[in-house]
Amino acid sequence: MFGTDIGIDLGTATVLIYVKNKGIVLREPSVVAVDLDTGKILAVGYEAKNMVGRTPGSITSVRPLRDGVIADYTMTEAMLHHFMRRVQRGFSRFFRNRVMICVPSGATDVERRAVLEAAVEVGAKEAYLIEEPMAAAIGANLNVEEPRGKMVVDIGGGTTDIAVISLGGIVVSKSLRIGGDRFDEGIMRYLRKQYSLAIGEQTAENLKIMIGTCLQEEEETLMVLKGRDLVQGLPRQIEVSSASVSMAIGEMVQSLIDGVRNVLELTPPELSADIIDRGIVLTGGGSLLRGLPELITRHTGINCFTADDPMECVALGTGKALAEIDKLQALGRSGILVNKRKGRRRKF
Amino acid sequence: MPEHRDNTLQDLGKEIRRKREELGLSLKDVHEGTKIRVQFLEGIERGDFSEFPGTVYVRGFIRTYLQFIGAEEFWGEYLPVLSEGTEKVREEEPSVVGSCTPPTKGFKPASRFWIFAILLLVAAGSSWYVWYTWDQNGVPTFAVREENSEEDKTSANKPDSGAAVEESVSGKPAQTVAGEASETGSDRQNGSVPLSADQPAAPLAGMASPPTAAELVGTNTPQSPPAAPEKKKDRELVITADGDCWVRVRQGTKTLYERTLKAGESVSFTVKERIEVTYGRAGSVKTRWNGENMGNPGTTRGVERVFYSPDGKTGRIAR
């Protein structure tokens with residue numbers, strides 16, 4: 001009777017919260033700043049992200065999620081608690097809500113369990129899980145129920161989920177531990193090796209967003225980058241081209257394309273035919289990388305395009321799926337949803 | 001509105017086609033470059049999206065096509081038209097997981113609402129009852145009633161118990177004492193059994209020993225006695241004044257009550273320990289002891305001293 005439906009995209013890089021009838025109400029980086037001496041949480045979200053790499057010895061900025069799953073349970077719970085309090089204002093905070101959280105399709109049972117526990121701990125009346133590619137497909141407005149093959153590639157901060165969906169279920173899926181974070185790491189490693197320049201995670205991410213591309217033949221753009229010279233130990237400023245970025249992330253992008261090819265190889269032929277007609281839909285923040293759809297099209301021979309609002313697809317999908325949860329239960333979509341209620345676990 | 005939309009889409013399609021022809025590209029070339037089926041490319045150029053598998057594909061294919069022919073400026077014109085169309089398509093499209101069952105509204109267990117509603121009503125009702133039954137003095141009346149019933153029950157079950165003062169006053173012993181008292185009263189009226197001043201209790205009942213602890217409860221109501229004491233007539237002393245009369249109640253050497261009662265006034269005492277009552281004008285009052293009318297407390301119209309004991313005994317104290 002009371003309470004509402006909340007969909008959470010508990011991403012490695014960003015947490016998005018969708019509230020029924022309101023839409024996406026929160027989009028914050030999944031970062032927590034903690035005082036090591038007292039164990040007190042100092043900041044969460046954007047505020048904490050600004051502290052990353054700039055904190056004194058006693059304060060550390062933690063990213064509680066790694067590779068799409070919970071790496072630090074306590075911090076994840078604290079972060080979720082903070083976000084839920086921000087989302088639930090006024091009278092509504094006295095009621096418990098139904099919550100649906102997405103997990104990578106390759107998450108283990110322990111990792112799924114941790115997410116469920118965290119959701120219940122922060123005050124969910126009922127907690128459900130949905131696999132990321134399914135949520136992404138629903139969020140991208142794909143008609144997942146029709147008996148036609150659809151391919152979704154969700155490139156998140158920590159993981160890339162590739163799946164072929166038909167008749168409301170995942171036919172083939174693959175979860176790669178490649179995502180925006182790995183791209184950043186690649187850029188940092190490349191700059192260290194090629195330019196002897198050490199940069200932070202935030203700078204690497206900025207570089208990727210500003211001039212990052214997958215296609216080396218694209219028109220070159222330059223960006224001024226500041227960091228610490230590894231030889232002299234002094235701050236230095238260099239100009240980095242988009243071609244350098246494409247070289248830095250080339251290896252990861254290639255692994256991603258290989259993953260897509262693998263899934264296509266495992267796809268039943270009838271569905272392959274549908275996918276050739278319809279193409280591959282990219283979602284997630286990683287899909288905004290310039291040239292990625294073209295590169296996938298080039299390597300697979302299938303049209304590939306980015307969905308509208310790719311970063312919000314998963315969160316929107318969790319919300320929509322939660323609205324239809326009763327129907328999904330009635331249809332017996334096993335493997336999609338896991339319900340945890342009063343400490344018991346139920347699969348349907 | 002749809003006609004306007006179709007016209008716009010057709011116009012945009014024509015523009016795209018013109019642009020493609022300017023570049024010298026055939027639809028097959030575009031298909032080679034974008035891997036979009038020629039059928040869909042023709043659909044875009046015609047402005048007819050009926051064959052497309054879904055809105056998301058319409059948008060994706062158009063954007064890819066525009067990027068390929070380098071006409072991305074048209075995307076801005078497509079966007080509002082497509083958004084308009086999306087709403088239309090959404091209405092027709094089945095919901096997220098098919099149209100086999102209607103979408104659920106709110107929470108499935110609707111019975112919970114009634115549980116909450118009933119609980120709310122019960123809570124409201126009980127709080128109203130507590131408020132309604134709360135006594136003026138801040139004492140809930142139902143608590144008093146409960147106490148009374150418990151006392152009655154106790155006295156009925158344990159008539160011989162002499163431990164508690166209240167118990168000894170009512171029930172079987174009370175009746176016995178009342179009998180004795182009435183006998184005493186009749187004797188007194190006859191004047192045949194005068195009480196001794198030195199041995200006040202001895203002539204009447206042979207009381208073993210006077211109680212050590214003493215308690216007296218007195219209420220004074222100007223016109224009528226309160227409802228609760230009336231129920232306990234059998235162990236109470238009620239003094240009703242016909243005319244003005246000074247009354248003093250003492251327990252040992254301690255004065256518990258001292259007042260001049262006006263004509264018509266009535267005062268009642270719950271006697272838990274032996275008390276001595278001094279009537280200034282004994283002829284002007286009527287007493288009721290253990291539910292029995294005792295008439296005037298003394299033979300004279302002047303000062304009289306009478307003792308009342310919790311075991312039901314009473315007697316005049318000679319001066």
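Residues are numbered from 1 along each chain as its sequence is written, while chains are lettered from A and ligands numbered from 1 in the order in which they are written. In this predicted model local features need pLDDT of at least 70, side-chain atom pairs count only at pLDDT 80 or more, and totals for chains, interfaces and linings use all residues, with side-chain values resting on heavy atoms and leaving out hydrogens and water.

**Salt bridges**

A search of the whole structure gives 30 salt bridges over all chains, the term standing for a side-chain nitrogen of Lys or Arg within 4 Å of a carboxyl oxygen of Asp or Glu.

| Salt bridge | Closest N and O atoms |
|---|---|
| A:Asp5 and A:Arg98 | 3.2 Å |
| A:Arg148 and A:Asp274 | 3.6 Å |
| A:Arg236 and A:Asp229 | 2.5 Å |

The salt bridge between A:Asp5 and A:Arg98 links distant parts of the chain, with A:Asp5 in strand E1 (residues 5–10) and A:Arg98 in strand E9 (residues 97–103) of chain A, 93 residues apart. Helices (H or I, at least four residues) and strands (E, at least two) are DSSP runs, numbered from the N terminus. Both A:Asp5 and A:Arg98 are buried, where buried means under 20% relative accessible area, exposed over 50%, and partly exposed in between (1.4 Å probe, protein chains only).

In the salt bridge of A:Arg148 with A:Asp274, A:Arg148 lies in the loop between helix H4 (132–139) and strand E11 (150–155) of chain A and A:Asp274 in helix H8 (residues 269–278) of chain A, so the pair ties together parts that are 126 residues apart in sequence. A:Arg148 is partly exposed, with a relative accessible area of 41%, whereas A:Asp274, at 12%, counts as buried.

For the pair A:Arg236 and A:Asp229, A:Arg236 is partly exposed at 28% relative accessibility, and A:Asp229 is buried at 6%. In chain B, salt bridges that share partners join B:Arg17, B:Arg20, B:Glu21 and B:Glu45 into one network.

**Surface patches**

Patches are made of residues with over 30% relative accessible area and no salt bridge, like charges being joined within 9 Å and nonpolar side chains (Val, Leu, Ile, Met, Phe, Trp, Tyr) within 5 Å. A surface patch of negative charge gathers A:Glu218, A:Glu219, A:Glu294, B:Glu72, B:Glu73 and B:Glu77; of these, A:Glu219 sits in the loop between helix H6 (201–211) and strand E15 (222–229) of chain A and is exposed, with a relative accessible area of 73%.

A nonpolar patch on the surface is formed by B:Trp128, B:Tyr129, B:Val130, B:Trp131, B:Tyr132 and B:Trp134, with about 770 Å² of accessible area together. B:Val130 belongs to helix H6 (residues 111–133) of chain B and is partly exposed at 36% relative accessibility. An unreviewed UniProt entry places the feature "transmembrane region" at residues 113–132 of chain B, and over residues 113–132 the chain is 100% helix and 0% strand, with the end C-alpha atoms 28 Å apart.

**Buried parts of chain A**

Of the 11 residues of helix H10 (residues 313–323) of chain A, 8 are buried, so the helix is largely enclosed by the rest of the structure; among them are A:Cys313, A:Val314 and A:Leu322. In helix H9 (residues 292–300) of chain A, A:Thr297 is buried, with a relative accessible area of 7%.

Technical notes:
Accessible areas come from the Shrake-Rupley method with a 1.4 Å probe; for residues, only the protein chains shown count as cover. Lys and Arg count as positive and Asp and Glu as negative; His and the chain ends are not counted. The place of a charge is taken as NZ of Lys, CZ of Arg, CG of Asp or CD of Glu. UniProt positions are given in the numbering used here, feature names are shortened, and annotations may be inferred rather than shown by experiment.
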